[in-house]
Amino acid sequence: MKSIRVFCPATIANISCGFDVLGVALDTVGDEMVIHKVAKKGIRITKLVGQDLPLETEKNVAGVAGMALLEASGYEGGFEIEIFKNIKAGSGIGSSAASSTGAVWAMNQLLDEPFPTSKLVEFAMEGEQLASGVAHADNVAPALFGGFTLVRSYNPLDIIPINSPSELYATIIHPQIEVKTSDSRKILKTNISLKDGIKQWGNVGGLIAGLFTEDYDLIGRSLVDHIVEPIRSILIPGFNEVKTKSMEAGALGCGISGSGPSIFAFSKGESIAQEVALAMSRVYQNIQIDYDVHVSKINTQGIKILN
Ligand code: HSE
């Protein structure tokens, strides 16, 4: 095999209570990439469609993540990368993670899988380091493993795949403003109170238990963020209104997707998720901000080969 075309899913990181440790992959939103294995050494981005992003290998997240894999692999040749972006940069649904994971996953396939998925997470984190200044894994892990993932530990890296309840649907609305992850990290406090910590880890445990037991009410009760959302939500016009209207439409819970400005809600069943999409859309129609809205089942496969 010399070339491979892959679907690279969008992802929701944090999932309210799990800042930097929880994430989930989506089914209906994602990029496509074509990776060619070539004799010429190094990595070249030969095509980038859909977004205005750098083509230079060392400035592109796919290039940087790919170089990390290439150097570790000992392969003497190289790769050419074509990127077809559907996920907007700075939207909060894992645009950089889709590119860096797509590159390393496809290269690993073309080299006959020398690396386990956990190692691919490490390579892809180099791309996140370039994009946001911090090598977080909460977008790249679900893109690579599929479904929900928990980063139990960063040092050493320990990724735990989590069950995805079959009737769980995500609604994601992206108001057309850009929030850079690096900026939305700078405004966070570096210390939290013990009181907030207790509430937060209670919800993380509750969410994980709810996902494994497919207890939708418990999932909903646990989708609360006492630490990051109160600070970051001020960067997102209409956030509180979107949340209120989503809950009134029947969502289990609603919060900021990654570092925003996208907002996600989880619902039991597709029809409620569609109602939530309408309710969210009306808020941005009323305040005259353009938006994209998506309804998606949970993607349990992660990156996949397209024919
Ligand atoms: N956990 C990261 C953050 C995700 O919230 O900054 C960025 O997409």
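Predicted model: local features only at pLDDT ≥ 70, side-chain atom pairs only at ≥ 80, totals over all residues.
Residues are numbered from 1 along each chain as its sequence is written, and side-chain values use heavy atoms, with hydrogens and water left out.

**Ligand shell**

Around the ligand stand Ala13, Asn14, Phe19, Asp20, His136, Asp138, Asn139, Thr181, Arg185, Arg232, Gly258 and Ser259. This shell divides into two nonpolar, six polar and four charged residues, where Ala, Val, Leu, Ile, Met, Phe, Trp, Tyr, Cys and Pro count as nonpolar, Asp, Glu, Lys and Arg as charged, and the others, Gly among them, as polar.

The table gives polar contacts, each being a pair of N or O atoms within 3.5 Å.

| Residue (polar side-chain atom) | Ligand atom | Distance |
|---|---|---|
| Asp20 | nitrogen | 2.5 Å |
| Asn139 | oxygen | 3.0 Å |
| Arg185 | oxygen | 2.7 Å |

The protein covers 96% of the 260 Å² of accessible area that the ligand has on its own, as computed by the Shrake-Rupley method with a 1.4 Å probe.

**Domains**

The chain is divided into domain 1 (3–163) and domain 2 (168–297), with bounds that come from an automatic or database domain assignment. Their C-alpha centres lie 24 Å apart, and 30 residues of domain 1 are in contact (heavy atoms within 4.5 Å) with 41 residues of domain 2. Each of the two domains supplies at least three residues to the shell around the ligand.

Methods:
Near = heavy atom within 4 Å. Polar contact = N/O pair within 3.5 Å; in protein donor to acceptor, adjacent residues only side chain to side chain.
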